[in-house]
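Colleague: Could you walk me through this one slowly? I'm still learning how to read these.

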Amino acid sequence: MSDTSYTPKGPVSQPRGGAGHDRTAEHRRDAATIARLKARIAAQAELIAGQEVSLAHSRKIFDRASAAARIGVWECSLPDERLAWTDVVYDLFDLPRGASLDRNEIVKCYPEESRKALNSLRSQAIAERNGFNLDAEITTFAGHSRWIRITATVECEQGVPVRIFGMKQDITEEKLLSDRMRYLAEFDAMTGLANRTRFQGRLAHADEARPLGALLLVDLDGFKAVNDTFGHVVGDECLKAAAERLVGGCGEAELVARVGGDEFAVLLGAHLDRGAVSGVARRIIEEMGRPVAIRGQSLRLGASVGIAFAGQGSPCDLFAQADTALYAAKAAGRNTFRIFKAEAGAKGHSAAA
């Protein structure tokens, strides 16, 4: 019998803990990893969904606030001038939302003065890489007049301006209210003439750039009797008629103001000489002497006028000088005028015209 080794046939058994076991463990690890990734993806999806809901809610709040405040966002890319607007800006210009935008056509909505201001500020902001603010008037595509407040910021990439963006807000009501408040502060509500505040402001700021020539103070003769006899309603109508006649007879005036109950002031420029100023006073007296027809009544008033020429003291002295001349006109029998004339060594007196 040969001395050879014997190799049994059939499958060789693997030792415990061999390759099969490793593959099973690897599969388990892969499954666990996949499960963790799926869980992470699900959590991220849930987070994204929550953020989308929050973003949608924030967008809704922004849109509502934007619409309520009439504020829209705009953007213009550079240098191709391509515009992008939010809905409110379309509404401000009375354009259908989402309509195509041509900046060359949009700027035509701005009147010349506003357009010049916009172009100047915009060019400067782009050149200096900053921004600007502007209150501008527009006429919308539907023909409506509006005031808008524009804010703008220039965005740069590597020092090169690439876009300009900002907000546009409808400030029409604010502008109207501001104009109304300024009107009430500077004008007489009854007659529409400048009031005493505006008159005094112009008198105090007379300078070489806008020198004054003369001041005429006009007092209505007979007004108190009309007011007492026919009442304040008729008296008010008389004041309105007097204001219209005064404006009509003083086309050369720089300012016509109501400075008291029935007292008016007329400021004339330095281009009028003594004769021309006297001519204005005569026209005023003539106009005020014509009958006034009010509520079926033909009423007669008159006017006394005091004149003071600039150069006889400070601008603020003019009022006192004209007032002195006015009293002299009244003392002379009314319906006439007197000119203040200063005397050496004296405060001055009123000489007959």
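Colleague: To start, how many helices and strands are there in the protein chain?

Modeller: Keeping in mind that this is a predicted model, the protein chain has 10 helices and 13 strands. Of its 353 residues, 34% count as buried, and among the contacts with a separation of 6 or more, 54% come from residues 24 or more positions apart.

Colleague: Okay, let's pick a helix. What is the span of H4 from its first C-alpha to its last?

Modeller: Helix H4 takes in residues 112–128, which is 17 residues, and reaches 24 Å from the first C-alpha to the last, close to the 24 Å expected at 1.5 Å a residue.

Colleague: And which residues of H4 are buried?

Modeller: Those are Ser114, Leu118, Arg122 and Ala125. They cover an arc of only 65 degrees around the axis, so they sit on the same side of H4.

Colleague: What about the other side of H4, which residues are exposed there?

Modeller: On that other side, Glu113, Lys116 and Ala127 are exposed.

Colleague: So what covers the buried residues of H4?

Modeller: The cover includes helix H3 (103–106) together with strands E1 (71–77), E3 (131–139), E4 (145–157) and E5 (160–170). H4 lies across E1, E3, E4 and E5, and its direction runs at about 160 degrees to E3.

Colleague: Which residue just after H4 takes a positive phi?

Modeller: That is Arg129, whose phi is positive at about 60 degrees.

Colleague: Let's move to the sheet then. What is the order of its five strands?

Modeller: The order is E2-E1-E5-E4-E3, in an open sheet with antiparallel pairing. Strand E2 (83–85) and E3 stand at the edges with a single partner strand each, so one side of each has no neighbour in the sheet. On average, and with direction ignored, neighbouring strands of this sheet are turned by 25 degrees against each other.

Colleague: Changing topic, how many disulfides does a search of the whole structure find?

Modeller: The search finds zero disulfides. A disulfide, to recall the term, is a covalent bond between the sulfur atoms of two cysteines.

Colleague: Is Cys76 buried or exposed? And Cys250, buried or exposed?

Modeller: Cys76 has a relative accessible area of 1%, so it counts as buried. Cys250 is buried as well, because its relative accessible area is 4%, and the cut-off for buried is under 20%.

Colleague: Now helix H8, which of its residues are buried?

Modeller: The buried residues in H8 are Val234, Gly235, Cys238, Leu239, Ala241, Ala242, Ala243, Arg245, Leu246 and Gly249. H8 itself covers residues 232–249, with 18 residues, and it reaches 25 Å from first C-alpha to last, close to the 26 Å expected at 1.5 Å a residue.

Colleague: Last one: where does Ala331 lie, and is it buried or exposed?

Modeller: Ala331 lies in helix H10, which covers residues 317–331, and it counts as exposed because its relative accessibility is 71%, where the cut-off for exposed is over 50%. The C-alpha atoms of Ala331 and Ser304 are separated by 9.8 Å, although these residues are 27 residues apart along the chain.

Notes: Residues numbered from 1 in each chain as written. Predicted model: local features only at pLDDT ≥ 70, side-chain atom pairs only at ≥ 80, totals over all residues. Heavy atoms only, no water. Helix = DSSP H or I, 4+ residues; strand = E, 2+ residues; numbered from the N terminus. Expected span 1.5 Å × (residues − 1). Buried < 20%, exposed > 50% of the residue type's maximum accessible area, 1.4 Å probe, protein only. Arc of directions from axis to C-beta. Contact = heavy atoms within 4.5 Å. Disulfide = S-S within 2.5 Å. Pairing = 2+ DSSP bridges. Axes fitted to C-alpha atoms, helices over the stretch in contact; angles between N-to-C directions.
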